[in-house]
Amino acid sequence: FSLQHIYQPPSTTIDKQAQSTMGAYKSKETGGKAAYGIFVTLKIKEGKMDELTEIAKGHFTRQLDGREPNATLASIMLPKNEEPNTIRFFEQWKSKEDYKLHEEHENLKVFFAAAGPLLDGQPEIVETEMLHYSK
């Protein structure tokens, strides 16, 4: 499976103004630098959600155990009753460059080798800079 990026924010004057004021809103976890993240939506074949969830848990454990530099957060958003075969992931890195390394990392290849046969279509990925708040 290939990664299909369905959205990248346009570069506009408003975006540039917002980026220039980000310093006031950055969390200490990102070391004063803007974070970068993705929101992934996966459609899963009927009856395969539990298996996919376990594969994802392994992927994110490896992603955050130091194997993928500057990966800072990963969340599995479990299916809603209205969409029992849809799962979503939220992932964050310190920078876009760190995310680009993830796209080529062996861990992602292992994930798609195991998860690919369980997917019902291509992943939908929203990729963007972000402001991250945490306690």
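This is a predicted model: local features need pLDDT of at least 70, side-chain atom pairs count only at pLDDT 80 or more; totals for chains, interfaces and linings use all residues.
Student: How many helices and strands does the chain have?

Tutor: Helices (H or I, at least four residues) and strands (E, at least two) are DSSP runs numbered from the N terminus. Here the chain has 4 helices and 5 strands, which follow one another from the N terminus as β-α-β-α-β-β-α-α-β. Of the 135 residues in the chain, 34% are buried.

Student: Which residues of helix α3 are buried, and which are exposed on the other side?

Tutor: In α3, which spans residues 96-103, the buried residues are Asp98, Tyr99, His102 and Glu103. They lie on the same side of α3 because they cover an arc of only 150° around the axis, an arc taken from the directions from the helix axis to the C-beta atoms. Glu97 and Leu101, on the other side of α3, are exposed.

Student: Which residues touch the most other members of the largest nonpolar core?

Tutor: In soluble globular proteins, nonpolar side chains tend to be buried together. A nonpolar core is a set of buried Ala, Val, Leu, Ile, Met, Phe, Trp, Tyr and Cys residues joined through side-chain atoms within 4.5 Å. The largest one here holds 22 residues, and Leu42, Ile44, Leu52, Ile87, Phe89 and Phe111 touch the most other members. Two or more residues come from each of β2 (35-43), α2 (49-67), β4 (86-93) and α4 (106-115), with α2 giving the largest share, 5 residues.

Student: What does Leu42 touch, leaving aside residues up to four places away in sequence?

Tutor: With contact meaning heavy atoms within 4.5 Å, Leu42 touches Asn85, Thr86, Ile87, Phe89, Phe111, Leu119 and Pro123.

Student: Is Glu127 buried or exposed, and which side chains does the side chain of Glu127 contact?

Tutor: Glu127, found in strand β5 (residues 124-130), is buried, with a relative accessible area of 0%. A polar contact is a pair of N or O atoms within 3.5 Å; within protein, one must be able to donate a hydrogen and the other to accept it, and residues adjacent in sequence count only if both atoms are side-chain atoms. The side chain of Glu127 makes such a contact with the side chain of Tyr36 at 2.7 Å, and another with the side chain of Lys100 at 3.3 Å.

Technical notes: Residues are numbered from 1 along each chain as its sequence is written. Side-chain values use heavy atoms; hydrogens and water are left out. Buried means under 20% relative accessible area, exposed over 50%, partly exposed in between (1.4 Å probe, protein chains only).
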